There are 2 protein chains.
Amino acid sequence: MVHATTMKEIARQLGVTVSTVSRALQNHPSIGLRTRERVHELAKQLDYVPNPTAINLKRRRTYNIGVVLPALTEQFFSMAISAIEDVAIGKGYSVVVMQSRNDYERERLAISNLVKHGIDGIIVSLASETQNNSHFLEVNKHGIPIVFFDRVAKNMPNSCVYVDLTAGAIEAVEYLVARGLTKIALLNGPGTLQATDERLKGYVTVLNKHGIAISRPYVRSVNLTKEDTAKKMNELLDLDEPPQAILAFNDYVALDAMQVCRQRGLVINQDIHFVSFSNLPFCSYLEQPPIASIEQFPYEMGTKAIQLLLPAIEDPQHYTPEKVIIPYQLIVRE
Amino acid sequence: MVHATTMKEIARQLGVTVSTVSRALQNHPSIGLRTRERVHELAKQLDYVPNPTAINLKRRRTYNIGVVLPALTEQFFSMAISAIEDVAIGKGYSVVVMQSRNDYERERLAISNLVKHGIDGIIVSLASETQNNSHFLEVNKHGIPIVFFDRVAKNMPNSCVYVDLTAGAIEAVEYLVARGLTKIALLNGPGTLQATDERLKGYVTVLNKHGIAISRPYVRSVNLTKEDTAKKMNELLDLDEPPQAILAFNDYVALDAMQVCRQRGLVINQDIHFVSFSNLPFCSYLEQPPIASIEQFPYEMGTKAIQLLLPAIEDPQHYTPEKVIIPYQLIVRE
DNA sequence: CTGTTAGCGCGTTCAA
DNA sequence: TTGAACGCGCTAACAG
């Protein structure tokens, strides 16, 4: 801005003190009706807008909340952001977004930028490649609260909110088995994510329960890029005994894998079946979507995350971190 | 934060002045090597982080850039945001997002919140329901620069960046005609958007050129909700002479309309053909995508938008608004 | 080389 | 009812 009008300017033009203007603007009772009116009038006339930076400096807050997540273009995360934003705005906060692109260094940089830039708290969903928590510990040391959501960090004392993916995976695999599909492969995420472990655990549990031998080549990790997913899916199809069904880490992995299948002439939901996590809205546009998906309620997760963060910001002393588990839901499509 | 360490604290512990500390920290040449080292050492030891709010107060900047757009969950916009963020971060700015949800009041509120919250500039893509520009004029009055992108406002003096949709529509409709499809309907956006006029103009131009009569019932506006699109698509199919092809406002409209067609037993790309705008990545997952789409390069648009905004922030005097047109590209899928 | 002083815009206590 | 003075945390012109 070229030169915004300040209280000082109003005071000067009215021949009063800045403190009088200050009080008049906040309708302090001890200000004469006449002066108050004159101040308000001139303020409006000069398009006076209080300088938020100055106010923040006094309040010792920025009213900025940082959100770091893998990719905004993934609908799961943009939905979560929407939820965070809705709550934040209602409480007078703004949301600053940063994307890690699943890259550790970028995540580290994003966190550092946020702290340098000034935020009152941070909400994070981990990059798939993040292996250590030093950057988060640093933030904790500064007394800036963090809440993890969905892709949460292991062994961190902060609040976090996530769904019970093991239970979700169990229900998903049970569903496949109930449909008579027993050659089930797992296209899992990167080993760095807790979410990957949880899916695996559910997968193993069900197969064991039904006495189905677990074939090592059936379990593969992808790094969440399209290329890697294609590679791993091709490997699965090249096996002597290719799987009848795939449990995919999420809808994006499922879609990329399904594309490979189609290219190889397989008919989805006939030659091969998919079940995945996320239940993203755009799957409803597919002619042959995964037969089932675990809804993870990103909106609810985002809402809960910010609801955990705000008290940590506004009343740090009485704040104790919480682990919140959001219920999942198996959505069957046919 | 409970109690961050300040320069004052460092100064106290070292028995020097705050200004000495300040200069030492920025490696001012006129500071004794010894003191400089002691200051840096203690700063690190006490986990000193400069208070950005105080710095911003002096610099008279917030280093925050506000972005207001219809919906983050639309991939077109999340891609644009990614671009904006990439450039912004490189220049030391952070991005604050607000969504209008295509609602005028929400857009108005978002703008007002941004100004109250403190931002150095704003990038906007209009809500479909926005009919007047008073809230933007207000911002202009405060000397805060605005750049419009994609859905730009009519009759505003600010910079803006958009694609030549008329030319795009022309090429798209020509493509349909060349394929022998002449009964072409237009599922257009809301009349409030300039982008809607432009598509219509292109549509009319081509039909006129080929001497194809324009049937009024073939041209419909949708408000960009799934329900309205379904309603209008059904109306088109209920006509005595239903269209062979649809030019859709964007991929979301196309997808919603295609869903209706499938439900009514039509085979996409056989009984009816679609061409749309945006060319969103997820269309590549469809078995029967629109046969062609106008790529609008959201990443390039976002990049250009912030490149127009930053000079306006950093050197207001020498800044003159620009209208930038990004080239489109017709992507043919088969 | 370092301290003193002033000021960014605002809120607030203490006097008058 | 209003003014004077101080402080939030930091930078910078001026002095020594």
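A residue is taken to be near a molecule or strand if one of its heavy atoms lies within 4 Å of it. The model is predicted: local features need pLDDT of at least 70 and side-chain atom pairs count only at pLDDT 80 or more, whereas totals for chains, interfaces and linings use all residues. Residues are numbered from 1 along each chain as its sequence is written, chains are lettered from A and ligands numbered from 1 in the order in which they are written, and side-chain values use heavy atoms, with hydrogens and water left out.

**DNA strand D**

DNA strand D is surrounded by 25 residues, of which A:T17, A:T20, A:G32, A:K58 and B:Y48 are the closest. The table gives polar contacts, that is, pairs of N or O atoms within 3.5 Å.

| Residue (side chain) | Atom of DNA strand D | Distance |
|---|---|---|
| A:T17 | sugar or linking oxygen | 2.7 Å |
| A:K58 | base nitrogen | 2.6 Å |
| B:K58 | base oxygen | 3.2 Å |

Elements giving two or more residues to this surface are α2 (18-25) and α4 (52-59) of chain A, and α1 (7-14), α2 (18-25) and α4 (52-59) of chain B. Here helices (H or I, at least four residues) and strands (E, at least two) are DSSP runs, numbered from the N terminus. The surface near DNA strand D comprises eight nonpolar, eleven polar and six charged residues; Ala, Val, Leu, Ile, Met, Phe, Trp, Tyr, Cys and Pro count as nonpolar, Asp, Glu, Lys and Arg as charged, and the others, Gly among them, as polar.

**Chains A and B**

Between the protein chains, 51 residues of chain B are in contact (heavy atoms within 4.5 Å) with 50 residues of chain A. Eight salt bridges are counted between chain B and chain A, each a side-chain nitrogen of Lys or Arg within 4 Å of a carboxyl oxygen of Asp or Glu. One of them joins B:R101 to A:D86, with the closest N and O atoms 3.5 Å apart.

On the side of chain B that touches chain A, two or more residues each come from α4, α5 (75-90), β2 (94-99), α6 (104-117), α7 (134-141) and α11 (251-263) of chain B. The largest share, eight residues, belongs to α5(B). By class, this side has 20 nonpolar, 19 polar and twelve charged residues.

Of the interface residues of chain B, 98% are also interface residues in chain A, so the copies meet through the same surface.

Terms used: Polar contact = N/O pair within 3.5 Å; in protein donor to acceptor, adjacent residues only side chain to side chain.
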